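I opened the model to look up two things.

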Amino acid sequence: MWIIIKIKKFKEKTLLKKSLSDLLGSEPEFYSPKISIGRNNKNKIVKKDFFILGNYLLVKHKSFINDNIISRINYVKGLEYILPGFKNSQREIESFIGRCKNHEDKSGYLMQEFFNLILGKKLQFNSGPFINFVSEIIRIHKKKIKVLVGNYLVSIDRKSDCLLTTI
């Protein structure tokens with residue numbers, strides 16, 4: 001069974017993992033989808049990881065069926081709270097995790113195709129020659145996206161990682 005937890009600080013994730021493993025007797029499965037965004041810093045592109053769920057983690061363990069275990073987890077060091085309603089949302093949680101895993105690259109980062117692009121929406125380039133430019137989505141094809149950058153119509157491969165930020 002999956003639960004959704006909020007941790008106080010992402011730096012305390014390893015401490016939380018150890019505490020949960022000690023409490024449960026075996027290590028639970030953790031999942032937190034992430035993206036890699038490149039930012040221009042003094043003419044160098046610096047890549048940084050961003051977790052799309054923020055301080056929330058998805059955690060799976062067979063013992064989570066037991067309500068007594070769930071109440072004991074609330075007092076684990078580093079945990080802020082457990083999101084309520086997880087028992088009724090197992091199908092949706094597994095569907096979300098499956099969709100994330102289907103859109104991950106070989107390094108475990110979500111690819112651009114994971115995000116829904118909407119016609120007319122503004123987006124910002126995170127890498128490439130148009131870094132930090134804000135543009136508008138003109139057309140969405142199966143494999144390409146056409147955007148308007150200033151007065152120029154630019155065609156971009158949909159699997160490209162250069163336009164992750166929508167505004």
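I call it a salt bridge when a side-chain nitrogen of Lys or Arg is within 4 Å of a carboxyl oxygen of Asp or Glu. The model is predicted, so I take local features at pLDDT of at least 70 and side-chain atom pairs at pLDDT 80 or more, while totals for chains, interfaces and linings use all residues. Residues are numbered from 1 along each chain as its sequence is written, and side-chain values use heavy atoms, without hydrogens and water.

**Entry 1: salt bridges**

I count three salt bridges by this rule.

I looked up Lys 101 and found its side chain in a salt bridge with that of Glu 29, at 3.7 Å, N to O. This pair links distant parts of the chain: Lys 101 sits in helix α3 and Glu 29 in strand β2, 72 residues apart. Helices (H or I, at least four residues) and strands (E, at least two) are DSSP runs, numbered from the N terminus.

Next I checked Lys 18, which meets Asp 22 in a salt bridge at 3.1 Å, N to O. They are four residues apart in helix α1 (residues 13–24), about one helical turn.

I also found Lys 87 and Asp 67 in a salt bridge at 2.3 Å, N to O. Lys 87 is in the loop between β6 and α3 and Asp 67 in helix α2 (residues 67–73), so the pair ties together parts 20 residues apart in sequence.

**Entry 2: sheet**

I read an open sheet of four strands, ordered β2-β5-β1-β6, with antiparallel pairing. Strands pair if DSSP finds at least two bridges between them. β2 (29–31) and β6 (79–82) are at the edges, each with a single partner strand, so one side of each has no neighbour in the sheet.
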